[in-house]
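Biologist: Please put the model up. I will ask what stands behind each term you use for it.

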Amino acid sequence: MSEGRAVGVPLLQVEDLTVEFVTEHGWLPVVDGVSFEIGRQETIGLIGESGCGKSVTAMAILGLIGGPSGRVARGRVLLDGQDLLVLEEPELREVRGRRIAMIFQEPMTSIDPAFTIGKQIIEVLRRHLPLSRAQAKQRAIDLLDRVGIPDPHRRFDDYPHQLSGGMRQRVLIAMALSCEPDLLIADEPTTALDVTVQAQVLELLAGLQEELGMAVLLVTHDLAVVAETCDRTIVMYAGEVVESADVTALFPDPRHPYTAAMLANLPGLHPGEPLRPIPGIVPPRHALPAGCWYSPRCEHRTDACGATHPQLVDLGTRRVRCLRADELDLPGVGR
Ligand SMILES: Nc1ncnc2c1ncn2[C@@H]1O[C@H](COP(=O)(O)OP(=O)(O)OP(=O)(O)O)[C@@H](O)[C@H]1O
Ligand SMILES: [Mg+2]
């Protein structure tokens, strides 16, 4: 595909993305009209409670939704202006890895236990780049070194089970970054790791991002990580975007009560105060409430909120889906 870098075209544009799965209630959307953009070298945090559609959004961007039980019902995913959703599988494979790479949450599911890590990195490299075996091996060792694997020459011949969880996640990062993608999608890249290793891996990612000049879409439950590492945040609720803004605007001044409720639940940012989990649960798609889908859980709801489903309104510097966005003064963090 073309590597057009038309001036003014964002790296990635997701437009009206709608993904449906078969359920006992028929086809139901789990990602519903989602639109956002990612600029070159930008870091976006995608947040929202479990089941809100974050991973499905990430999978859809990579063209990984399909089969008898899943489908992209609407929408476009434009990379440098070219719609990925209309590509055939061979073209998509070229995009995956080469232009967009992904790190999944659980390292063991993405590394093949039957092959050495060196062999697996070489395979990724040679799939996308015209390298000889020797060149690929050298590059693989360089990569292992770059992601902080000690003694990379020796580790090259290790099998995945010979590495710790943190080391496996580093190998996965090495594989994802081996072809220097323009966009890295990292879905909970550190959740399976213990806290100190999490910090190391995030630091590594941030350093490599700067070095390689790539954009990152970071899916995470950890708002503290978003505050520290992201430029912009997209908040999803029940398959929809409910708010998006620059981190510097969103954290001190959330406009959607759901965003504010998530921030109130952020450990460490309110020392001495108890955490306030959001009462209730995300409604299942076959039983969405009337009006605003968050309204049954919202402490700011009015009668109108139970009657009208709000549109995502573009306020210039942010987008927000709340009838009361203008009138509420919600508590944030960092002010
Ligand atoms: N292959 C599938 N078939 C049917 N339903 C699915 C499939 N994959 C995901 N879902 C459903 O889609 C919804 C969104 O799932 P998704 O994995 O995107 O959530 P998430 O926001 O990533 O949550 P978490 O934070 O727990 O990872 C969930 O209700 C999930 O059960
Ligand atoms: Mg997920």
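Modeller: To begin with a definition: a helix here is a DSSP run of H or I with at least four residues, numbered from the N terminus. Leucine 177 lies in such a run, helix H7, residues 165–177. The model is predicted.

Biologist: Why is leucine 177 called buried?

Modeller: The cut-off is 20 or more other C-beta atoms within 10 Å. Leucine 177 has 22 C-beta neighbours inside 10 Å, so it counts as buried.

Biologist: Which residues does leucine 177 touch, leaving out those up to four places away in sequence?

Modeller: Leucine 177 touches Ala101, Leu208 and Leu212. A contact requires C-beta atoms within 7 Å.

Biologist: What makes H7 mostly covered?

Modeller: Of its 13 residues, eleven are buried. Among them are Met167, Arg168, Val171, Ile173 and Leu177.

Biologist: How do you know that the span of H7 is close to the expected one?

Modeller: The expected span is 1.5 Å times one less than the number of residues. For the 13 residues of H7 the expectation is 18 Å, and the helix reaches 18 Å from its first C-alpha to its last.

Biologist: Which residues of helix H2 are buried, and what covers them?

Modeller: In H2, residues 89–98, the buried ones are Val95, Arg96 and Gly97. Their cover includes S4, strand S6 (100–103) and helix H4 (117–128).

Biologist: S4 comes up there. What kind of sheet has the order S2-S1-S4-S5?

Modeller: That order belongs to an open sheet of four strands with antiparallel pairing. Strand S2 (26–38) and strand S5 (82–83) are its edges, as each pairs on one side only.

Biologist: How do you know that S1 and S4 pair?

Modeller: Pairing requires at least two bridges found by DSSP. Strand S1 (residues 12–23) and strand S4 (residues 70–79) have eight bridges, in the antiparallel sense. Glutamine 13 has leucine 78 in S4 as its bridge partner, and valine 14 stands opposite valine 77 in S4.

Biologist: Over how many bridges do S4 and S5 pair?

Modeller: S4 and S5 pair over two bridges, also antiparallel, and at least two are required. Leucine 79 stands opposite glutamine 82 in S5. The two strands form a hairpin with two residues between them, and aspartate 80 in the turn has a positive phi of about 50 degrees.

Biologist: What makes up the shell around ligand 1?

Modeller: The shell divides into four nonpolar residues, seven polar and one charged. Lys counts as charged and Gly as polar. The residues around the ligand include Phe21, Val30, Gly51, Cys52, Lys54 and Ser55. Helix H1 (residues 54–61) gives the largest share, three residues.

Biologist: What share of the residues counts as buried?

Modeller: Of the 335 residues, 40% count as buried. Among contacts between residues at least 6 apart in sequence, 66% join residues at least 24 apart.

Note on methods:
Residues numbered from 1 in each chain as written. Chains lettered and ligands numbered in written order. Predicted model: local features only at pLDDT ≥ 70, side-chain atom pairs only at ≥ 80, totals over all residues. Near = placed C-beta within 6 Å. Buried ≥ 20, exposed ≤ 12 C-beta atoms within 10 Å, placed from the backbone. Contact = placed C-beta atoms within 7 Å.
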